[in-house]
Amino acid sequence: MRGACHTDCVERPLSRALRGLGGLVGAHPWPFLLLPLVLSAALGVGFMQLESRQSNDIEAQFTPRAGPAKAERRLVQERFPTRDSERFSAQRLTTEGTFASFVAVASGLSNTLLTREAFAELLKLDAAVRGLRGGGYDYTEVCARRDGACRSPNPLLSAVGDDPARIEALLPNLTFPFWQGGRVILGFYLGGVTVGPGAAGERSRPVQAARALRLFYHLQEDDPVQRAASLSWLKAFLKRMDNWPGALSFTYLRVAYFSSLSRQEELEKNSKEVVPLFIVTYFLTICFSILSCLRLDCVRTKVWVAAFGVLSSGLAVISSFGLLLFCGVPFVITAASGPFLTLGVGVDDMFIMVSCWQRTKVKHRVKDRMANTYADAAVSITITTLTDVLAFYIGIATSFPSIQSFCIYTGTAFIFCYIYNLTFLGAVLALNGRREESNRHWLTFMKVTDEAQHNFLYNLCCVGGFYDTATGMELEHPVSGFFKKHFGPFLMHNGTKVAVVALYFAYVCSSIYGCTQVEEGIDLRNLVQDHSYVVQYYDFEEEYFKEYGPRVMAVVTRSVPYWNSTIRADLEHCMQVLENSTYVDKRLSESWLRMYEEAADTMSLNIGDRNSFIGNLSVVFRGNPQSQWDVNFTDLEISASRFFIQTVNVTTSVDERSLLNQLRTRAADCDLPLIVYHPAFIFYDHLILIAQNTIQNVMIATGAMLLISLLLIPNPLCSLWVTFAIASVIIGVTGFMAYWRVNLDSISMINLIMCIGFSVDCSAHISYAFVSSKKASLNDKAVDALYRLGYPMVQGAVSTIVGVLVLSMTSTYIFRAFFKIIFLVISFGTSHGLFFIPVFLTFFGFCGKLSTTQHQIDCENTDSIEHSITQLPVINT
């Protein structure tokens with residue numbers, strides 16, 4: 001009778017259905033060969049939409065779709081509209097803005113650029129920018145303006161005018177971070193500053209030297225027509241910058257440039273790097289597949305199956321991507337990694353089908369051999385495909401569009417890969433089987449003899465069709481024999497087991513420590529190629545301008561009675577709470593209300609009622625004209641107002657996350673309707689959500705994997721080892737990410753989701769092969785499982801790594817990080833299947849006590865349980 005632990009209610013009918021499909025493919029292969037080719041050609045037309053479907057906007061794709069900062073930005077834009085053609089203010093921008101920027105650093109042995117020579121070169125650079133005409137527009141036509149003039153790129157340039165020698169005259173009175181009595185904050189414009197001693201109580205100190213200086217050329221963007229003109233000029237600027245540094249012949253400066261378009265344009269260049277890599281990958285995968293399937297027998301060799309197995313994966317990519325592009329699904333650069341992974345996984349499935357074919361009876365009809373192959377291999381492929389596809393489709397639920405794009409494109413490619421392997425590749429296997437059945441040469445297709453001659457070369461080239469007469473199957477592969485005769489017995493030695501346990505303990509400890517060290521957040525320079533000009537700019541900024549961070553708006557979002565002294569006291573308390581943050585310098589805050597109250601005290605103004613308060617606002621506006629842009633008022637009410645606080649020492653992603661959490665928490669605790677906002681918070685949001693999204697998706701996917709395992713693998717005990725493997729591999733990959741300098745970001749989150757699908761494969765099948773083995777002792781069961789699955793696991797691991805190997809040689813972090821994590825996933829997953837799980841299974845005696853009657857697999861033409869287990873060489877790594 002069937003044991004209570006046998007849960008094959010899904011596996012048995014699925015195996016029966018796929019057996020029928022295999023027989024049908026074996027009997028009529030040509031339709032199954034031609035239909036995928038026709039379908040791929042039809043769906044491939046969708047690639048004509050690729051250019052229009054590309055969606056690589058960094059903010060839209062790499063930040064949370066519903067991040068709080070985006071809602072805060074909309075609110076600020078409604079309350080405080082900008083007019084950068086008349087009253088531009090950089091700190092009041094609600095977006096990053098449209099701009100060109102330079103960081104100039106003193107070159108050579110000089111420790112300062114506050115010299116007439118350096119400023120002469122800075123003025124030459126400034127004149128070149130202002131004299132540039134691009135896209136039919138002069139700089140003066142597109143520049144952001146205030147008081148009728150283009151905004152100065154740096155207050156020191158304005159101060160020296162056309163005479164670079166004036167910087168030396170200004171130097172004795174130059175103070176940092178405040179200059180000109182506090183009206184100018186130089187912290188944004190000067191970097192690497194050396195200051196001298198200052199008077200007690202002074203907020204600023206005299207400047208002695210400065211290594212770097214930053215220039216910003218802001219352009220108009222409020223009006224769509226203005227924005228289009230600015231972008232045209234900016235594109236011309238970027239083209240011209242390829243030649244400017246050499247043409248301007250800087251002696252005293254090193255200059256890095258950047259623009260608001262730079263990240264976007266450089267990111268889009270990444271996709272152009274992928275196409276040649278994919279061609280190289282195809283070549284390497286075909287070579288590896290042919291070598292893996294090559295036999296010295298000119299009839300039994302599977303060269304054609306290997307080559308068409310790679311082609312099957314390529315057709316799956318063409319069909320899936322073409323279909324999604326045709327349906328209008330956005331294509332993000334992260335999805336460009338999908339074909340590499342699909343190729344590796346598709347080749348794994350091919351190895352599985354070949355392995356199962358080789359364990360069928362040689363003298364049986366091709367139709368019957370295909371039926372038996374599908375009954376066993378196709379079930380295994382179905383299990384691994386379901387787990388992988390489900391892991392990807394669960395990833396679609398994330399709030400990061402770049403992850404969604406990768407998951408939907410790759411998950412759909414896996415589905416097509418599964419379908420084409422059962423149809424197109426199955427047809428190739430059947431046709432190859434017909435060739436073997438008639439004992440024809442693999443290349444010439446001429447019949448050859450199966451009787452060996454005395455000439456070795458003649459036997460190698462012209463004699464074939466050998467098989468094991470004792471079993472009626474093809475000859476055993478030497479590597480499978482190695483696992484049975486050498487590797488398995490060695491692993492079962494007591495000393496080896498102790499070493500494996502110690503190794504696993506070291507693995508877990510180092511992984512857990514690594515998990516505590518992994519950094520969160522995406523470094524924006526990682527979105528571009530290593531040699532991009534953007535990297536130098538970011539390096540200079542990080543080295544010289546990290547002390548002063550975002551200048552944050554504190555916005556009172558609704559109308560409150562500011563003339564009420566209690567309300568003003570509450571608001572002052574809220575400001576002080578924000579200023580007491582560890583990341584805020586309270587000396588650099590700006591509050592129109594504080595200035596108003598000081599002016600009211602000085603001038604004895606009445607601000608205790610609505611009419612007086614609103615009527616006297618002009619007093620503070622005369623003292624600081626820009627403050628009128630911070631108060632949204634009518635004769636009846638002040639509907640919104642804003643203040644500014646200056647952040648400092650926000651140098652790491654941990655600081656960015658802590659800053660955002662601190663400020664938002666303190667603003668939420670305020671008794672008034674207060675929010676904090678800065679354009680950089682759009683990107684900071686992902687630091688808060690990335691870990692939350694990762695944990696959520698991992699937990700959901702793990703539960704789904706267990707459910708699939710219970711339904712399709714007819715032994716619930718295996719699910720325990722599936723759980724163990726998923727947890728162990730994810731901890732290992734996350735921990736070793738820190739050692740390999742891979743951050744936890746939207747890119748690595750994709751791969752952690754993949755860990756779940758891939759870690760199921762090895763663990764499920766090695767544990768099931770163990771508990772189902774007919775061998776008497778636990779050690780023999782482990783050796784038997786390794787004999788059946790060891791070589792396919794190695795094949796699957798190597799083919800997947802070969803499929804992504806070329807990504808390790810790219811100049812783009814996105815693709816290198818993808819390779820690194822796939823390498824970790826495959827390495828750790830395979831290590832669990834080959835070393836850890838076989839050894840651990842021998843420590844639990846109850847696993848081996850499950851009787852063979854509990855695990856009978858009813859295959860119509862299968863003679864024994866042992867034969868059934870030989871059909872489980874499945875590893876979709």
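This is a predicted model: local features need pLDDT of at least 70, side-chain atom pairs count only at pLDDT 80 or more; totals for chains, interfaces and linings use all residues.
Which kind of contact do the side chains of Arg 214 and Glu 541 meet in? They meet in a salt bridge, with 2.7 Å from N to O.

**Strand E1**

Start with strand E1, residues 98-106. Nine of its nine residues are buried, so the strand is largely enclosed by the rest of the structure. Its residues point two ways. Thr 98, Ala 100, Phe 102, Ala 104 and Ala 106 point one way from E1. Phe 99, Ser 101, Val 103 and Val 105 point the other way. Both sets are buried.

E1 has strand partners. Eight bridges join E1 to strand E10, residues 205-219. These two strands run antiparallel. Seven bridges join E1 to strand E11, residues 253-259. That pair runs antiparallel too. Take Val 103 as an example. In E10, its bridge partner is Arg 214. In E11, Val 103 stands opposite Ala 256.

**Charged pairs**

Side chains of opposite charge can pair when their charged atoms come close. This structure holds 30 salt bridges. Three of them are listed here.

| Pair | Closest N to O distance |
|---|---|
| Arg 263 and Glu 96 | 2.9 Å |

Begin with the salt bridge between Arg 263 and Glu 96. Arg 263 lies in helix H12 (residues 262-293), and Glu 96 lies in the loop between helix H5 (68-79) and E1, so the pair ties together parts that are 167 residues apart in sequence. Glu 96 has 36%, so it counts as partly exposed.

Glu 579 sits in helix H21 (residues 565-579) and Arg 594 in helix H22 (residues 592-603), 15 residues apart. At 7% relative accessibility, Glu 579 counts as buried.

Some salt bridges share partners. Such bridges join Arg 92, Arg 551, Glu 590, Asp 630 and Arg 642 into one network.

Notes. Residues are numbered from 1 along each chain as its sequence is written. Side-chain values use heavy atoms; hydrogens and water are left out. Buried means under 20% relative accessible area, exposed over 50%, partly exposed in between (1.4 Å probe, protein chains only). Helices (H or I, at least four residues) and strands (E, at least two) are DSSP runs, numbered from the N terminus. Two strands pair if DSSP finds at least two bridges between them. A salt bridge is a side-chain nitrogen of Lys or Arg within 4 Å of a carboxyl oxygen of Asp or Glu.
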